[in-house]
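Reader: Could you walk me through this structure while I have it open on my screen? I would like to take it one chain at a time and then look at how the chains meet.

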Amino acid sequence: MNSTSIKVNVLFFGAAAELTGKRNEEIAFPAGVNAAGARESVLAAYPLLGERYRGSLLFSLNEEYADGGEVLKDGDELAFFPPVSGG
Amino acid sequence: MDLFELTTEAIDIGAAARRIVPPECGATVTLDGYVREFTRGKQTLYLIYEAYEPMALKEMEKLGASAREKFEISNIGIIHRLGKLEIGETSVVVTVAAPHRKDAFEACAWLITKLKKTVPIWKKEFYADGWAWVESSEP
């Protein structure tokens, strides 16, 4: 680990897990990246996810809904998921 | 005492409703949400719920706190089932105890509407000819 990148634990749920083929993945991002930037990287890395959910994919940081501006820290938990459908 | 739970076991609705009743209350309104067989004419065989469990519990607790600020209510219980559910099985219970019934009705309706929009749980429906993740929940 150097000072120019951070490692984030990325989780996928629901259809997002199926489209990426993963439930979790450790991803390195440049230090200073915010949650919206990380979302863009993940959508680019998984084209099927991007195609289906570019406009609607939700994300949370450390189990709280994120608005995108939050700067990520090493060890953060970032989750991506489709609009919810419980009930 | 409030009650926020996720479970893969069958939910006992009556027991859930009774668990939240404090002495100052006179009415409990309980929603029993269960698996619907026909949605817009299409037959569902069974379904699977998945959750981001720790965040779902946090969001349920937040909804409980918001509901208590908006309505004159005492205790709240929300239990959501996860895993595979058959037709007719209870998927969600929202139960609200209040001194008077009007607040219990209103808070219960508000809670289930919010739960469907904010709590990170997803429903996958299985049909005779395939499956689909549900994305447009009813208002």
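**Two chains, step by step**

Author: Of the 139 residues in chain B, 34% count as buried. Please keep in mind throughout that this is a predicted model.

Reader: And how many helices and strands does chain B have?

Author: Chain B has 3 helices and 10 strands, and along the sequence they follow the pattern β-α-β-β-β-β-α-β-β-β-α-β-β.

Reader: What is the radius of gyration of chain B, and what would a compact globule have?

Author: For 139 residues a compact globule would have a radius of gyration near 14 Å, and chain B has 15 Å, which agrees. Taken along the principal axes, the C-alpha atoms of chain B fill a box of roughly 50 × 25 × 25 Å.

Reader: What share of the contacts in chain B comes from residues 24 or more positions apart?

Author: Counting contacts with a separation of 6 or more in chain B, residues 24 or more positions apart account for 76%.

Reader: Now the helices: at what angle do helix 2 and helix 3 of chain B pack?

Author: Helix 2 of chain B, residues 53–70, and helix 3 of chain B, residues 101–118, pack at an angle of about 145°, and their axes are 10 Å apart. The crossing of these two helices of chain B is right-handed.

Reader: Which residues meet there, in helix 2 and helix 3 of chain B?

Author: From helix 2 of chain B come B:Glu59, B:Leu63, B:Ala67 and B:Lys70, and they meet B:Ala107, B:Trp110, B:Leu111, B:Lys114, B:Leu115 and B:Thr118 in helix 3 of chain B. The residues of this contact divide into 6 nonpolar, 1 polar and 3 charged.

Reader: Switching to chain A, what are its elements, from the N terminus on?

Author: Chain A has 3 helices and 5 strands, and from the N terminus on its elements run β-α-β-α-α-β-β-β. Of the 87 residues of chain A, 36% count as buried. A compact globule with 87 residues would have a radius of gyration near 12 Å, and chain A has 12 Å, which agrees.

Reader: In what order do the 5 strands of chain A form their sheet?

Author: They form an open sheet in the order 2-1-5-3-4, with mixed pairing. Strand 2 (24–30) and strand 4 (64–65) of chain A stand at the edges with a single partner strand each, so one side of each is left without a neighbour in the sheet.

Reader: How many bridges join strand 1 to strand 2 of chain A?

Author: Strand 1 of chain A, residues 5–12, is joined to strand 2 of chain A by 7 bridges, and the two run antiparallel. Within that pairing, A:Ser5 has A:Pro30 in strand 2 of chain A as its bridge partner.

Reader: And which residue stands opposite A:Phe59?

Author: A:Phe59 stands opposite A:Phe80 in strand 5 of chain A. Strand 3 of chain A (residues 58–61) and strand 5 of chain A (residues 77–81) pair in the antiparallel sense over 4 bridges.

Reader: What about the hairpin of strand 3 and strand 4 of chain A: which residue takes a positive phi?

Author: That is A:Asn62, with a positive phi near 50°, in a hairpin that has 2 residues between the strands. Strand 3 and strand 4 of chain A run antiparallel and are joined by 2 bridges, and A:Leu61 stands opposite A:Glu64 in strand 4 of chain A.

Reader: Last topic: how many residues of chain A are in contact with chain B?

Author: 13 residues of chain A are in contact with 23 residues of chain B. On the side of chain A that touches chain B, the residues divide into 7 nonpolar, 5 polar and 1 charged.

Technical notes. Residues numbered from 1 in each chain as written. Chains lettered and ligands numbered in written order. Predicted model: local features only at pLDDT ≥ 70, side-chain atom pairs only at ≥ 80, totals over all residues. Rg over C-alpha atoms; globule rule 2.2 N^0.38 Å. Buried ≥ 20, exposed ≤ 12 C-beta atoms within 10 Å, placed from the backbone. Contact = placed C-beta atoms within 7 Å. Nonpolar A, V, L, I, M, F, W, Y, C, P; charged D, E, K, R; others polar. Pairing = 2+ DSSP bridges. Axes fitted to C-alpha atoms, helices over the stretch in contact; angles between N-to-C directions. Left-handed = near helix turned anticlockwise from the far one by under 90°.
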